[in-house]
Amino acid sequence: MTGPNEIDPKLISHLAELRTSRRRFLSRGAILMGGVALGPTFLAACGSSKKTDTGSGSGATTQTTGGTADMAALKGTTMTMFNWPLYIEDDDASTSPTIKGFTDATGIKVDYQSNIDGNDTFLTKYEPDLKAGHGIGADLIVLTSWEAANMIEAGYIEEWPSAYFPNIANVLSEQANPDWDPNRAHSIPWAIGQTGIAYWPSKTGGTLDSVNALFDPKFKGKVTILDEMRDSVGLTMLGMGNDPTTGPIDQELAAVDKIKSARDDGQFRKITGNDYTEDLQLGDTWVAMAWSGDIASLKAGNPDLAIEFYIPTEGGMNFVDNAMIPIGAKNPEGAAAFMNHVYDPKVAGPLYESINYVSPVTGAVDYMTADGKASPFVNPSVDSKFYEFRILTADEDQQLSTAFTAATQQ
Amino acid sequence: MPDSDETGTKANRWHTPYLLLLPGALALIVFFIIPLFSILQLSLKDGGLSNYTGVLHDNQDVIIRTFYFSGAATVGALLIGYPLAYFIAMRGGRFKNFLLALVVLPFFVTYLVRTLSWKILLYDGGPVVGLMHSLHLLPQGQGLLGTDFAVIFALMYNYLPFMVLPIYVSLEKLDRRLLEAAGDLYGSPQRAFRKVTLRLSLPGIFAGTLLTFIPATGDFVNAELLGSDKQVMLGNIIEKNFGKEFFRPQLSALSFMLMALILVGVLIYAKVLGTEDLA
C-alpha cells in the first residue's frame, strides 16, 4: 500500500464520493443551512423490546382478512410520505421498486419525500399544525420510538385503518406490542438500525468483542463515542452489566460518570456525531462506537477497507424508526395500504437488503440474496442481543441530557 | 398657485428619505428585531435571570476557550493578512485584480469542503504530520487533529479574506503623495509606514478584525470537524443542544450573553483604536 506519509489516492477519491449515510447527510445539511438545525439528535431509541431475532421466516403470511377495504376507491389517489434520507432503494423514489410495485398493484401514486432530518426538528416544525389538528401535508411519517411515543401520547397520530393493513401481523414478534403503543394500533417499524462497535483489527492487534474496548487504556486517544445520549449511555450501561431497557436513572447517571472520567483521562479522540466515520476511515480512530448503516455504506463503497463491525457480547443498542399516520392526513387508507405492501416479505426482503437496515418484517430474510442473508447489518446473528433505550419521562430526559452534555461537551 | 406647487415639492422632498428607508427598516424589524426579541423572551423562560448565571457557570471554560480561539485566529489573520494586502495594494501593479481574485478564490468552494480538505491534510497519517515528525517539530505519536492549533489555524484560514479585503481597500485609497511628503520631511520609510500608512489603514484593520473575530466567535464547523471534545466552542454547544426544548431557554441566554460580550469587546476596541466614528 502507501507509506505512512502519503495519502492513499484511493482514500481521497473515496472520501470524495463517499455515499452519505443517513446521519452524515443530515449533519452536513444542517451545517450548510446555518446550523439552527440541530445536529444529530435524531437517533436513539426507546421502548420495550429486548431481543431482536432475525426473522427466521416462519409464519410469514400475507393475510387477507376481511374488513371493508375498498381498494378500487383508492385508485388514482396520491399518498404522501415523509421519510428520512436513505430509507428507500438508492435514495431515489422515482426508481424505487417498492414504490413502483405498489403503484402498479393498487393505482395509488406515492409522493415520497426524504425530508425528515431529526426527531426534534420535525416536531418543532410541525407541532403547531398538529396541535391545531390541521394536516401537515403528509399521510405517513417516520420517527424514532421515543418521539413516536411522545406523539401518540399527545394525540397527534391516527390509528391504522386496519382493514387496509392486514399484513401488520407480519411484524417481528418482539416489535408487535411495545408498551407505548399496545398492539401497534398507531405505529409500525419502518426500519431497525444497530449501534455497535467498528474497529481496525490491524491497529488494535487482535479481535475485539466487548463494549469495554471503548474504555480500554490500550486504545487511549484512539476511541470515538457518539454524542447521541441514548446510544453512548446505553452501550456504557451494557458494559457495566446494567440493562438500558429498564434503567433506572441512577444506573444511567453512573454510566454518564464513567464516560466523563474516561473523557477526562483522554480516552476519547472525539465525542462526535455523524463525522466519526471520517476519522475511522483515515485510521486515526482505532475503535469507534458506530451505526450499522454507516459501516455498511463504507464497506459497500470500499470493499478492501479492513474495518470490522461487531455487536458486543454484552449486547448492542437498537434504534427503531416507526411509520405513523399524522392527524389530518388526507389519504390514511392509502398510507395503510402502502405499509401493507411493504409488510409483504417478498417486498421487504429486497428493500431492506438494499437500504442496509434490519427488516422489521417476519420472513423478509427469505427473499434476500445470499449476500443479504450473510450481511450482519441486514441479518444480524441470532446470538446478538439488542436493547432499546427505555422511554424517559420529561424530567428524567432533562436530568440525563443535562448530565450528558456536561460530561461530553462542557 | 406656484406657491402651493413649491410646498408640495418640499413636502415630497421631506418624505423621500423616509420612504427610501422603509424597505430596509421593515426588513430589519421583521428579520432582526422581532427574532431577537423572541430569543430574549425565550431566554427568560423557566428560570428567568438564573438562566444567565446558570449557563455562565456551566460554560465558563467553553466561553474562555471560544474567545481565545477567535482572538488568536484574528491576530493570526491580521499578521498574515496585512502584509498580503499591503503587497497587493502597493506592489500588485497590473496583477492587482488577479491577486485579489486569488484571495477570494477559496470562497468558490463550499466552506464545509474547504474545512474537510484540511482534515485530509492534517490527519495522523497525512503529509503535514509526517513532515513535522521527520523534522522533529512534533513528538512521535502526537497528531494535529483534535488540537487547539488545528482549530485556530482553520478559523484563521477560513476568515482570512475578510481580513485582507478591507485592509486592501484602505491601503489602496491611501494618497501616495503623503508618503512622498513624509520622505521629503526626512522621515525614514519605517517611520513613514508607522506614522502615515498604518494610521491611515486603521479603519481597514478595524473592519477586518471585526469581520474575522465576530463570525469566528460564533463558528462551530471548524471545532466540529477538526477539533475534539477538548475544543468545543459555544457554537457547538448551541448547535448540538438547541433541538431539546428544555435546553432552549438556557441556550438563548447563552446566545444573548455571547452577543453582549462581543458588543462590549467591540466598543472597547473601537475606543482604543480611536475609531469611534465607525463603531
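Predicted model: local features only at pLDDT ≥ 70, side-chain atom pairs only at ≥ 80, totals over all residues.

**Helix 9 of chain A**

- Helix 9 covers residues 249-264 of chain A, 16 residues in total, and reaches 22 Å from its first C-alpha to its last, close to the 22 Å expected.
- Its buried residues are A:Ile249, A:Glu252, A:Ala255, A:Val256, A:Ile259, A:Ala262 and A:Arg263.
- Those residues sit on the same side of helix 9 because they cover an arc of only 145° around the axis.
- An α-helix has 3.6 residues a turn, so residues three or four places apart point the same way.
- What do the buried residues pack against? Their partners in chain A are strand 6 (223-226), helix 8 (229-239), strand 7 (268-272) and helix 15 (394-408).
- Just after helix 9, A:Gly266 takes a positive phi of about 80°.

**Nonpolar cores**

- The largest nonpolar core has 109 residues, and A:Leu140, A:Ile141, A:Trp190, A:Phe338 and A:Met339 touch the most other members.
- Leaving aside neighbours within four places in sequence, A:Leu140 has contacts including A:Met79, A:Phe82, A:Trp160, A:Ile325, A:Phe338 and A:Met339.
- Apart from that core lies another, of 26 residues, with B:Ala73, B:Leu100, B:Val151 and B:Met156 among them.

**Helix 13 of chain B**

- Helix 13 takes in residues 248-273 of chain B, 26 residues, and spans 37 Å from first C-alpha to last, close to the 38 Å expected.
- Buried residues in helix 13 include B:Leu251, B:Leu254, B:Phe256, B:Leu258, B:Ile262, B:Val266 and B:Ala270.

How values were computed. Residues numbered from 1 in each chain as written. Chains lettered and ligands numbered in written order. Heavy atoms only, no water. Helix = DSSP H or I, 4+ residues; strand = E, 2+ residues; numbered from the N terminus. Expected span 1.5 Å × (residues − 1). Buried < 20%, exposed > 50% of the residue type's maximum accessible area, 1.4 Å probe, protein only. Arc of directions from axis to C-beta. Contact = heavy atoms within 4.5 Å. Core = buried A, V, L, I, M, F, W, Y, C linked by side-chain atoms within 4.5 Å.
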